[in-house]
Amino acid sequence: MSTFRTHTINVTTGSTETVADLTADCEAYLREVAGGGDGLLNIFVPHATAGIAILETGAGSDTDLLLALRDLLPADDRWRHRHGSPGHGRDHVLPALVPPHATLPVIGGGLALGTWQSVCLVDTNVDNPDRRVRLSFLG
């Protein structure tokens, strides 16, 4: 018989573009709910201007991602969506490139990530520093 558990965490991203590592939050949540079992963890950010990425952090990849997003989605006046900070329309395009969700395998109660992989919130919207992230476990 499967069980479904869900929980929301709050993340403050500040006033700069951010890649925030959520791996420790995900692991702590799984310690509470997975009971050492197998299943799936879904991570979802219910915001129109943020996404979830699985990538290496701390070795420059997080900064590289933000630089690539600046190249792909410049903060200028080309965007039709025009409220908030200059170029804010690009933030609304971000989830098409960095989706607002990820589903990961859980094996023996832990995330089955690769050696250098981390679960990250990607937020380029400097107008909204407070984010909610929903963690849902099905096991």
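Biologist: Is aspartate 76 buried, partly exposed or exposed, and why?

Modeller: Aspartate 76 is partly exposed, because its relative accessible area is 26%. The labels work like this: buried means under 20% relative accessible area, exposed means over 50%, and partly exposed is in between (1.4 Å probe, protein chains only). This is a predicted model, where local features need pLDDT of at least 70 and side-chain atom pairs count only at pLDDT 80 or more, while totals for chains, interfaces and linings use all residues. Residues are numbered from 1 along each chain as its sequence is written, and side-chain values use heavy atoms, leaving out hydrogens and water.

Biologist: Which residue forms a salt bridge with aspartate 76?

Modeller: Here a salt bridge is a side-chain nitrogen of Lys or Arg within 4 Å of a carboxyl oxygen of Asp or Glu. For aspartate 76 the partner is arginine 78, with the closest N and O atoms 2.6 Å apart. Arginine 78 counts as exposed, because its relative accessibility is 51%.

Biologist: How many salt bridges does a search of the whole structure find?

Modeller: Five. One of them joins the side chains of arginine 70 and glutamate 17, at 2.5 Å from N to O. Arginine 70 sits in helix 2 and glutamate 17 in the loop between strand 1 and strand 2 (18–21), so this pair ties together parts 53 residues apart in sequence. As for cover, glutamate 17 is buried because its relative accessible area is 16%, whereas arginine 70, at 38%, counts as partly exposed.

Biologist: Which residues are linked in a network of salt bridges?

Modeller: Glu17, Arg70, Arg90 and Asp91. Within that set, the side chains of aspartate 91 and arginine 90 meet at 3.6 Å, N to O. Aspartate 91 is buried at 4% relative accessibility, and arginine 90 is buried too, with 5% relative accessible area.

Biologist: How do I read helices and strands, and how many does the protein have?

Modeller: Helices (H or I, at least four residues) and strands (E, at least two) are DSSP runs, numbered from the N terminus. This protein comes to three helices and eight strands, in the order β-β-α-β-β-α-α-β-β-β-β along the sequence. Its radius of gyration is 16 Å, close to the 14 Å from the globule rule for 139 residues, so it is as compact as a globular protein of that length. That radius is taken over C-alpha atoms, and the rule is 2.2 Å times the number of residues to the power 0.38. Along its principal axes, the C-alpha trace spans about 50 × 30 × 20 Å.

Biologist: Which residues of helix 3 are buried, and what do they pack against?

Modeller: Gly89, Arg90, Asp91, Leu94 and Pro95 are the buried ones in helix 3 (residues 89–97). They pack against strand 4 (50–55), helix 2 (61–72) and strand 7 (118–123). Contact means heavy atoms within 4.5 Å. Among contacts between residues at least 6 apart in sequence, 83% join residues at least 24 apart.

Biologist: What is 11 Å away from aspartate 62?

Modeller: Arginine 70, the nearest side chain of opposite charge. Lys and Arg count as positive, Asp and Glu as negative, and His and the chain ends are not counted. Aspartate 62, in helix 2, is buried yet has no salt bridge. Setting aside residues up to four places away in sequence, aspartate 62 touches Val19, Leu55, Glu56 and Thr57.

Biologist: Where is histidine 88 found, and what is it in contact with?

Modeller: Histidine 88 is in the loop between helix 2 and helix 3. It counts as buried because its relative accessibility is 4%. Beyond neighbours within four places in sequence, histidine 88 is in contact with Thr49, His81, His83, Asn125 and Asp127.

Biologist: Which residues form a nonpolar patch on the surface?

Modeller: Patches are made of residues with over 30% relative accessible area and no salt bridge; like charges are joined within 9 Å, nonpolar side chains (Val, Leu, Ile, Met, Phe, Trp, Tyr) within 5 Å. Here Phe4, Leu40 and Leu138 form one, with about 290 Å² of accessible area together. Areas come from the Shrake-Rupley method with a 1.4 Å probe; for residues, only the protein chains shown count as cover. Phenylalanine 4, in strand 1 (residues 4–12), counts as exposed because its relative accessibility is 55%.
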